[in-house]
Amino acid sequence: MSKYLAAICLSAVAMAATSSPAFARKLDFAICDGLEAPKAKGDGMRPPASSMFFSGPDAAAKVRSCTDALADPLLLPSQPVRRASLLRSRAVAHLAANAPDLALADVDAALALSQPYLNDPMFARTMGLSLQLVKAFAFQQKGQGTTARALALSAAARRPYSLEIQQLTSAILRNTAEAEAQTSPYLGLLPLQPQARNLQFSWLFDQGRFGEAIRLFDQLDTEFPDPHAELKTPQDFGSRSNRFMVSTMTSMQGAYAFAASGRPDRAEKLVADVRKQMDATTQPAGGILFGQSLETLKRAVDMWAELVQARARLTPSTAIEIEKAVLHRSLPANAAGVEFLTALRKDLPEAERAHVPPPEAMMKLLATQRKPADIASLARDLPDIEFSQDQAAYKKSNKSVIDVLGPAGYRRDGFRSRDDAATGLTTVEFVGNKATASAVDEMTLLYAADLARQKGKTGFVIAARRDFTRTWNVTRGFDHVPVSSSPAGFKTELDIRFVDLNPSQAGGNPSSILDADKVYTDLAAIYIPAQPGG
């Protein structure tokens, strides 16, 4: 789905309808699937529509726009792929409105229209898999988790190197209630997205698998932001607040996991480190830290610290003392609370256990807290529709005069790399001015694998990644009032470390290490054309 979904609020739609009926008709297409209205000589699939700097319509309004667009005479019978695109978008809107049966009907209709084109590999990898994932979300919403899980895993297996597909798959898997959900929903993301290690840790923690969680802990990004850094924009403030919250809660979860695993010294050090960061952080302007006051966050840290200390001290000889000190306070309704109650009852004399609530009640509560997958992620991460004839070229980006004299941030299509001797990392990037985000993402990985092979290395690890969307922004007047923002391509940057695979890590073992030969072979078959006679 276009990353430039036209974001038009209801008031804007009403304004357009009163000022120009023809414009309002064309607007329905942009609101629905983010693409231009079709014309007699083109279905409007390229390029995406310009966004208009408004908040997005609600699900019901989007369903109406999609329905109107599907019935509009501008959409010709000779444009089945565009009709399928509109049906796909309406299916997502139906899911946002909690109408999975209507969504499935639209998916089936879109699949029927797409059938003649599914022999095109790029169309099958984009439109075909996206419809499969929309169907998975619909089945999950209907409570059919086994079916949803099977569809999601099948899609993930067909595009193991696509960040978009793996993110959507994890959104399905982390919310399935089936017994086989003991397998991590983040395994497909771990090699592609370094931040997935933090998600994996949290998932292991929530499962009560503290031994596995602490083995992963030292690979996590728990660095706190600089409390004295200047915040120039709301985005800077949001980024710092988010980083502070993530580092705080990950560290406190880690502290409890270490305490429960018999490593009290490490647990106490983590608590002390968090308290030090809390003391160094001043309350930001407005008194809010990512939705919470700093004092509220400090109280949460105090609660966790008391629990960590109690768990670290818990033995049969201290159990009665700890019971009296802790149980009058609220315990967190999570895996830590369950584990603490279980351990406390185990260490208490049998006569005292009646005073401690059994953990089963909390476990039952946790089982009911699983939420359906976020439909916003579905609208955001569905891949744009591609055909093989439109596929971007895999080539080196040669610097030209346009790079120097052209618009700021402009880069020619293709790949390039640079080494950082200080860190031992290599940054690889791929720019696609007319490619989709999904293709740019995979071609960056292809180049990383190509470089690894050239250097005689069998694997590589992504230490950091940065994904960019480029737009041309049109403003008006001296005060630069925004008028529109048009798509102008994508770029992915990966900071990678070249490594040698252990035999057990080769061939797709779920880890953070990517097999260079396998990545190159799989993606070269898609993005590097076969030579004549080869």
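**A tour of rings and cavities**

Start by selecting Lys491 and Phe468: Lys491 lies over the face of Phe468, 5.0 Å from the ring centre. Keep in mind that this is a predicted model.

Next, select Arg453 and Tyr520. Here Arg453 lies over the ring face of Tyr520, at 4.1 Å from the ring centre.

Now look for rings that pair with rings. The whole structure holds 13 aromatic pairs. Select Phe205 and Trp304. Their ring centres are 6.1 Å apart and their planes meet at 50°, so this pair is tilted. Phe205 sits in helix α9 (residues 196–206) and Trp304 in helix α13, so the pair ties together parts 99 residues apart in sequence. Both Phe205 and Trp304 are buried.

Move to Tyr394 and Phe415. This aromatic pair is tilted too, with 4.8 Å centre to centre and 40° between the planes. Tyr394 is in the loop between α17 (375–381) and α18 (401–405), and Phe415 is in strand β1 (residues 414–420), so the pair ties together parts 21 residues apart in sequence.

Last stop: the cavities. There are three of 30 Å³ or more. Select its lining: Met303, Glu306, Leu307, Val326, Arg329, Ser330 and Leu331. Four of these residues are nonpolar, one is polar and two are charged. Helix α13 (residues 294–313) supplies the largest share of this lining, three residues.

Notes
Residues numbered from 1 in each chain as written. Predicted model: local features only at pLDDT ≥ 70, side-chain atom pairs only at ≥ 80, totals over all residues. Heavy atoms only, no water. 1 Å grid on protein atoms, 1.4 Å probe; cavity = no way out; pocket = protein on both sides within 12 Å on 5 of 7 lines; lining within 4 Å. Points joined across faces, edges and corners; volume = space filled by probe spheres on them. Helix = DSSP H or I, 4+ residues; strand = E, 2+ residues; numbered from the N terminus. Nonpolar A, V, L, I, M, F, W, Y, C, P; charged D, E, K, R; others polar. Phe/Tyr/Trp six-rings, centres within 6.5 Å; stacked < 30°, edge-to-face > 60°. Buried < 20%, exposed > 50% of the residue type's maximum accessible area, 1.4 Å probe, protein only. Lys NZ or Arg CZ within 6 Å of the ring centre and 35° of its normal.
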